[in-house]
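Colleague: I'd like to learn how to read helix packing and ring pairs in a model. Can you walk me through it?

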Amino acid sequence: MDARERLIVALDLPSVAAAEAMVTQLGDSVSFYKIGYQLAFAGGLPFAESLVRANKRVFLDLKLHDIGNTVSKGVESVARLGATFLTVHAYPQTMHAAVDARKGSSLRILAVSVLTSYDDADLAAAGYDFTVSELVEERAAQARDIGVDGLVCSAEEAARLRLMATGGMVLVTPGIRPAGAEKGDQKRIMTPAAAITAGADHLVVGRPIVAAPDPKAAAEAIVAEIVGATR
Ligand code: C5P
């Protein structure tokens, strides 16, 4: 895979106008964008289609979870937008429905195992009798067995999950910070090179690029770091 294709820039911006300006500024430096709740619910879905028409790839981070029939219909609609990746929560019914509904399209389903803001106490409060690491492993195994295309995981989890994510599953890791960058609210961070070495296929990077004084230079520096780590 081309190093540039491995970088996914999170367009965590309040409006389509702001996102368009960022995409224009990044130009050929970035070919893959992630759209989450903030932009999706502010006109981001037609915007996703326009990115696809401009030969960019789109990751819709919508973290779907509902009854199987509703998930299927939603996934069919997302597939028609031309997106490359869509996230769903890693519940077996939801994953089965999503994987079946994406057949015949180029959409790939990524499972979110346990949200990174959850710790063991949060899981206990939600009624689970698992630690975070047990539940991540259990859900990753279920995702693999159901035929989910990939997992969203922290770079710390990537090395362990790489061993079990067989069958060409892709690992997509947020929480990436170039050396010296602001951590923001991310707790478990890794540099781009360390995440690639740990087994990540794609890196999701938001603020270190979109909030940089020179976003294009920041993106180019990360692509260079990916190239260096894959040599
Ligand atoms: O700005 P920053 O690089 O921290 O952005 C990371 C992106 O990845 C955000 O869009 C965030 O919602 C997303 N994400 C994350 N942790 C997860 C899943 C998604 O940070 N476990």
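Modeller: Handedness first: a crossing is left-handed if the near helix is turned anticlockwise from the far one by less than a right angle, and right-handed if clockwise. Helices (H or I, at least four residues) and strands (E, at least two) are DSSP runs, numbered from the N terminus. This is a predicted model, where local features need pLDDT of at least 70 and side-chain atom pairs pLDDT 80 or more, while totals for chains, interfaces and linings use all residues. Residues are numbered from 1 along each chain as its sequence is written, and side-chain values use heavy atoms, leaving out hydrogens and water.

Colleague: At what angle do α1 and α10 pack?

Modeller: Two packed helices are described by the angle between their axes and the distance between the axes. Here α1 (residues 16-26) and α10 (residues 215-230) pack at about 60°, axes 8 Å apart. Axes are lines fitted to C-alpha atoms, for helices over the stretch in contact, with angles from 0 to 180 degrees between N-to-C directions. The crossing of α1 past α10 is right-handed.

Colleague: Which residues of α1 meet α10?

Modeller: Met22, Gln25 and Leu26 of α1 touch Pro215, Lys216 and Ala219 of α10 (contact means heavy atoms within 4.5 Å).

Colleague: And which residues form the aromatic cluster?

Modeller: A pair of aromatic rings is described by the distance of the centres and the angle of the planes. Rings of Phe, Tyr and Trp (its six-membered ring) pair if their centres lie within 6.5 Å; planes under 30 degrees apart are stacked, over 60 edge-to-face, the rest tilted. That rule gives three aromatic pairs. With centres 5.9 Å apart and planes at 90°, Phe59 and Phe85 are edge-to-face. Phe32, Phe59 and Phe85 make up one aromatic cluster.
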